[in-house]
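Please open the structure in your viewer and keep the selection panel at hand. The tour goes from one stop to the next, and each stop says what to select and what is there.

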Amino acid sequence: MNTTDNRFKRSQELFARAAEVIPWGIYGHASPVASLPGAFPYYAERAKGCQYWDVDGNEYIDYLCGYGPMILGHQHPEVEEAAARQQRDALCLNHPGPVMVELAEKLVSLVEFSAWAVFGKNGSDMTAWAMQVAREHTKRRKILKVSESYHGIAPAWTPGHGGLIEEDRVHIHDFDWNDLESFETCLKQHRGDVAAVIMTPFHHPAFKASQMPAPGFWQHIEAACRKEGIVLILDDIRAGFRLNLHGSHKVFGFEPDLICFCKALANGHALSATLGRKELRVAASKVFLTGSFWNSAPAMAASMACLNIMEREDVVTVLRHRGDALMNGLIALGQKHGYEMVATGPPALPFPVFVQDPDLRRQQRFCGEVTRRGALFHPHHNWFLSMAHEASHINATLAMADEAFALMKREGV
Amino acid sequence: MSRAAPNPAVLSRLYLDAVLPCLEDLAAQDPNARAIMGNTRASIALSILGGPKAVVSFDRGRIACSATSNDMPSLNLLFYTQGHLNAFFAGAKWALPLPIWGGWRIDLMIRFAKLAARLEAVLNGHAEVLATPEGRRLYARLSLIAAGLGLAPLAQGDAEAIRTLRTLPPGLAAFRIEGEPNSTVWFDYGANQHASGWSTPPRRPDVSIVFGSLGLAYAAMRDEADTMAAIGAGEMTIEGLIPLADGLNVVMERLRIYLQPAVTK
């Protein structure tokens, strides 16, 4: 950390130890490389509601929500009680528990087009498996995806660079978001051999503004898939349950063949799921699926509780309103100080960006200053709202943003 | 981890535009190189028939490299093809160039051959070079300069690099080693053309990559550093347009593929 103050002393000490024994020190999306070294904490200790505390005792209003999972807020009592109750009976057995059946039934009842569900632990488990199911079902090889999209860490599409060989991506082909000509060109090039199109409901590339689907975009993709017998996979891992409790496709007026969930499925407990159409059931039964902890019941019990609460409390509407309040407030404050910001992405997963900021320095400085004041704003990754963010938290955050804008203005950033 | 075969045209541009210019810093930093040059005042042109060329000028202990020169070179060396030049730089004894002017400057040719050997020893990290702190410093500086200057030839002709660059935002990236004067090397990735240089960048870089110490730069150039951990620890900074730096790092990896044959010869 290149900070001169003492706010992150313990984080620094831990990182120094980590760097000795862990590649990257902290790897993956939580790596300091992806955020703001010196302005972000590295290690966290505890959390409650929409707030958390780093290892140095600094307090933050959390706009990352664990990068998505904490849809109801940290340590939600009903969810935690359900998980704890299940864990008191058993943590990891030789067999699945009854809750697995209940959860599959619950999810299939929520997602209209689906007839079956399977479970894993991470989003990557599900997207990689869904790709295989599509290939098994169609007996084809090619997978089409959107450039710069994220579907996990499988060699087919990891954003990392190391350890890959050309053959890993021989059958993976990119087209551009909201560009039907690009999609059609890609489709034409591989016609007859395309097993699946995999997409997120909206486009949320790292380091860039999010993009919503243009009118008719999804419908065109859906129609092409139907016509060509291609499996349409909706990667709803990041957005799932924040846009619509029945799957994000409901918002945009189309229906996929497979849908992958993770993050918000169990409010922080490790669980992912893929749901599919009846027609893909046989293919799904032929693609092997397992993992050391995949039958563990507490996360499934947590998910049952989480889903029930989300239904009961109309989480989608609440998050939309709170996200709108935050985005509208930030944009107005920006204008007040002479900065033009634009809200990108849906309100529940917002990502505001500066209009004139080609080198990202303004974004980085703004997010760093607000984070320093106590609300964690990631400069390069979309944010997440939770049920625990109340009007008072949004107002406190806006006050911090006001100070940050004022400072930037004074310093000519 | 691309194993796509090197493009001979790119390799020859790398030798002319990225490796040869390292002679400038070698002369500035290395007493051994200066001793080889002595008080020589002369210039050598290396050109490929119908293709690019480079002019290396010696002036009493200083070296300057350029793509052209208005003055008649003291020694004019011609290579018939890119492959001919590449083989020469890779050390093939059969690949001597045709001296079309100044063939009688045997002394100059000998000095140049010795300088080239010294440069090769440094850039390839020969054991005797890396045995001393000064040698490791030279290795780190020259490797960074070659890597930075090499970005433009790669961007212009290496299919793998071009594929990577297409995914990157345009911008100017500057690399330097903290505490090392004249160590800034930059690459300007534009929509239609690219440029690189070893000098003060022509404008404020969109992303600045700073190795916090010579030791870290050395380890990074040797592919022996966990640079991600170094960034977290504040030993290295990447400030600004991070995706550009990330992508250029991948492009620089291609340099190892191109210049590795010389190492393993």
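**A tour of the predicted model**

Select W104(B) to begin: this residue counts as exposed because its relative accessibility is 57%, where exposed means over 50% relative accessible area, buried under 20%, and partly exposed in between (1.4 Å probe, protein chains only). W104(B) sits in the loop that runs between strand 5 (98-101) and helix 5 (106-123) of chain B; helices (H or I, at least four residues) and strands (E, at least two) are DSSP runs, numbered from the N terminus.

Before moving on, note that this is a predicted model, in which local features need pLDDT of at least 70 and side-chain atom pairs count only at pLDDT 80 or more, while totals for chains, interfaces and linings use all residues. Residues are numbered from 1 along each chain as its sequence is written, chains are lettered from A and ligands numbered from 1 in the order in which they are written, and side-chain values use heavy atoms, with hydrogens and water left out.

Next, select helix 2 (residues 22-29) of chain B, which is largely enclosed by the rest of the structure because six of its eight residues are buried. The buried residues here are C22(B), L23(B), D25(B), L26(B), A27(B) and Q29(B).

For contrast, go to R166(B), found in helix 8 (residues 159-166) of chain B, which counts as exposed at 65% relative accessibility. If you also select A155(B), you will find it 11 residues from R166(B) in sequence and 9.8 Å away in space, C-alpha to C-alpha.

D402(A) is partly exposed at 22% relative accessibility, whereas K336(A), at 56%, is exposed.

Now return to chain B and select D17(B) with R13(B), a salt bridge whose closest N and O atoms are 3.0 Å apart. Both residues lie in helix 1 (residues 8-19) of chain B, four residues apart, which is about one turn of the helix.

As a last stop, select E222(A), R226(A), E255(A), D257(A) and R277(A), which are linked in a network of salt bridges.

Key
A salt bridge is a side-chain nitrogen of Lys or Arg within 4 Å of a carboxyl oxygen of Asp or Glu.
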